[in-house]
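Trainee: I would like to learn how to read a structure like this one. Could we go through it feature by feature?

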Amino acid sequence: MHPFAAFKDTISLTNFGSPFNEDDSDIVLRSSTGVNFQVYKGPLRMASPFFRQLLSLPQGDKPPAEMSSDECYKGLPCICMPEDTQTLHRLLSFIFPVRLVMPNNVKEAVQVLSAMQKYEIKEKATLLRKLL
């Protein structure tokens, strides 16, 4: 079952905005709340063995015009993530060369560390633990 199947008709898709809306990005990560982060595959592959493997899998042969909104955004392949917008934003701020967005409390820190563990982002998880 697709992660958005239960909410497909109720989620309004939006773009996160700067710095995750570059025209030359090559993939979209979509939060569980329908917010799109246009990012680059290279840093994801470098930071995470999980993403390295995921992004090496064969992509479908469908042209963007034939893809659903779950599969494509602005002609870019889309990966639906189970994390909410703020957790995904904080996670991506540790991967990309942008302003670091620290968790505001223990709950947020646990959410980001959990995502780092899930996606095998070990070095950044160690950094976050030291900063807390």
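**Ser93 and its surroundings**

Mentor: From the side chain of Ser93 to the backbone nitrogen of Val101 the distance is 2.9 Å. A polar contact is a pair of N or O atoms within 3.5 Å; within protein, one must be able to donate a hydrogen and the other to accept it, and residues adjacent in sequence count only if both atoms are side-chain atoms. Bear in mind that this is a predicted model, in which local features need pLDDT of at least 70 and side-chain atom pairs count only at pLDDT 80 or more, while totals for chains, interfaces and linings use all residues. Residues are numbered from 1 along each chain as its sequence is written, and side-chain values use heavy atoms, with hydrogens and water left out.

Trainee: Where is the place of Ser93?

Mentor: Ser93 belongs to helix H3, residues 85–95. Helices (H or I, at least four residues) and strands (E, at least two) are DSSP runs, numbered from the N terminus.

Trainee: Does Ser93 count as buried or exposed?

Mentor: Buried means under 20% relative accessible area, exposed over 50%, and partly exposed in between (1.4 Å probe, protein chains only). Ser93 has 4% relative accessibility, so it counts as buried.

Trainee: Which residues does Ser93 touch, not counting residues up to four places away in sequence?

Mentor: Contact means heavy atoms within 4.5 Å. By that rule, Ser93 touches Phe20, Val98, Arg99, Leu100 and Val101.

Trainee: In what order do the strands form the sheet?

Mentor: Strands of a sheet pair through backbone hydrogen bonds, either parallel or antiparallel. The rule used here is that two strands pair if DSSP finds at least two bridges between them. Five strands make an open sheet with mixed pairing, in the order S1-S3-S2-S5-S4. S1 and strand S4 (72–73) are at the edges with a single partner strand each, so one side of each has no neighbour in the sheet. S4 is joined to S5 by two bridges, and these strands run antiparallel. Tyr73 has Leu76 in S5 as its bridge partner. Helix H3 packs on the sheet, where it touches S2 and S3, and its direction makes about 15° with that of S3. For such angles, axes are lines fitted to C-alpha atoms, for helices over the stretch in contact, and angles run from 0 to 180 degrees between N-to-C directions.

Trainee: How many bridges pair S2 with strand S3, and in which sense?

Mentor: Four bridges pair S2 with strand S3 (residues 35–39), in the antiparallel sense. With strand S5 (residues 76–80), S2 pairs in the parallel sense over three bridges. There, Leu29 stands opposite Ile79.

Trainee: Which residues of strand S2 lie on one side, and which on the other?

Mentor: In a regular strand the side chains alternate between the two faces of the sheet. In S2 (residues 27–30), Ile27 and Leu29 are on one side, Val28 and Arg30 on the other. All four are buried, and both faces of the strand are covered.

Trainee: How many aromatic pairs does a search of the whole structure find?

Mentor: Rings of Phe, Tyr and Trp (its six-membered ring) pair if their centres lie within 6.5 Å; planes under 30 degrees apart count as stacked, over 60 as edge-to-face and the rest as tilted. The search finds seven such pairs. One of them is Phe16 with Phe37, stacked at 4.7 Å centre to centre with 20° between the planes. Phe16 is in the loop between strand S1 (14–15) and S2, and Phe37 is in strand S3, so this pair ties together parts 21 residues apart in sequence. Phe16 counts as partly exposed at 25% relative accessibility, and Phe37 as buried at 0%. Phe50 and Phe51 make an edge-to-face pair, 5.4 Å centre to centre and 85° between the planes.

Trainee: Which residues form one aromatic cluster?

Mentor: The cluster consists of Phe16, Phe20, Phe37 and Phe96.
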